[in-house]
Amino acid sequence: ILQDVRDSLKKQVQINHEIHDELISSQHDSIRRTLLNPVIGIHDLMEENLDYIINKMPQEFEKNVEGQLCKVIELYIFIKSRIKEMLTYSSGLRIIEPSEGELFDPNEHFIVRTEPTSDKALENTVCRLEKAGFKDARNGSIFKQAEVIVKVYTEESHADTNNLTNK
């Protein structure tokens, strides 16, 4: 009887392993589908826009090269906004886009360049956003810091003014 129980338990353990492996595989497929479906949607959108640019835009704008350029930029911005929507709504991210004058936050921002300022009140503030960043809306973890140009106070402007006054 004990041998039958042992054999039965071994079979159950084997079945449990098979079920576990199947669940893991199914979970990976579900995660892949969740991640890939929005990307496939963006791909389709890009194909539609490329078809328009190649086949229809030349007829609509004829020799208006500036108009064509503006339309291409408009389509590019449209695709970029769809990608942002995908990242925020499908992936649960928050976009980090600091505005000019916001205080530099080393946790969310990365300085790519600095610009001097003679206004001490502007010290360590964002001058311009170069590239947006992304953070998890649920737990706040940073996926990519926003790349910014930051104002740095320099006394050179005041020293130059003082030198002119003293001469």
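## Terms and basis

Two strands are said to pair if DSSP finds at least two bridges between them. Helices (H or I, at least four residues) and strands (E, at least two) are DSSP runs, numbered from the N terminus.

The model is a predicted one, in which local features need pLDDT of at least 70 and side-chain atom pairs count only at pLDDT 80 or more, while totals for chains, interfaces and linings use all residues. Residues are numbered from 1 along each chain as its sequence is written, and side-chain values use heavy atoms, with hydrogens and water left out.

## Overall form

The protein contains three helices and six strands. Read from the N terminus on, its elements follow the order α-α-β-β-β-β-β-β-α.

The radius of gyration of the protein is 28 Å, whereas a compact globule of 167 residues would have one near 15 Å. This radius is taken over C-alpha atoms, and the globule rule is 2.2 Å times the number of residues to the power 0.38. Along the principal axes, the C-alpha atoms fill a box of roughly 110 × 55 × 20 Å. Buried residues account for 20% of the 167 residues; buried means under 20% relative accessible area, exposed over 50%, and partly exposed in between (1.4 Å probe, protein chains only). Of the contacts between residues at least 6 apart in sequence, 61% join residues at least 24 apart, where contact means heavy atoms within 4.5 Å.

## Helix H2

Helix H2 covers residues 65–90, which is 26 residues, and spans 37 Å from its first C-alpha to its last, close to the 38 Å expected at 1.5 Å a residue. The expected span is 1.5 Å times one less than the number of residues.

The buried residues of H2 are Gly67, Gln68, Leu75, Ile79, Met86 and Leu87. Just after this helix, Gly92 adopts a positive phi of about 70°.

Strands of a sheet pair through backbone hydrogen bonds, either parallel or antiparallel.

Strand S6 (residues 146–153) pairs with S2 in the parallel sense over eight bridges, and with S3 in the antiparallel sense over four bridges. Glu147 in S6 is the bridge partner of Phe110, and Lys131 also stands opposite Glu147. Val150 in S6 is the bridge partner of Thr114. Strand S6 is mostly covered, with six of its eight residues buried.

## Thr125 in the loop

Thr125 lies in the loop between S2 and S3. It is buried, with a relative accessible area of 6%. A polar atom of its side chain lies 2.6 Å from the backbone oxygen of Leu122. A polar contact is a pair of N or O atoms within 3.5 Å; within protein, one must be able to donate a hydrogen and the other to accept it, and residues adjacent in sequence count only if both atoms are side-chain atoms. Not counting residues up to four places away in sequence, Thr125 touches several residues, including Phe104, Ile149 and Val150.

## The sheet S1-S4-S5

A further open sheet has three strands in the order S1-S4-S5, with antiparallel pairing. Strands S1 (93–96) and S5 (142–144) stand at the edges with a single partner strand each, so one side of each is left without a neighbour in the sheet. Neighbouring strands here are turned by 30° against each other on average, direction ignored. S4 and S5 run antiparallel and are joined by two bridges, and Ile142 in S5 is the bridge partner of Lys135.

Ile96, found in S1, is buried, with a relative accessible area of 2%. The C-alpha atoms of Ile96 and Ala146 are separated by 5.9 Å, although these residues are 50 residues apart along the chain. Asp136 lies in S4 (residues 133–136) and is buried, with a relative accessible area of 7%. Its side chain reaches the backbone nitrogen of Asn139 at 3.4 Å. Leaving out residues up to four places away in sequence, Asp136 touches Gly92, Leu93, Ser141 and Phe143.

Note on methods:
Axes fitted to C-alpha atoms, helices over the stretch in contact; angles between N-to-C directions.
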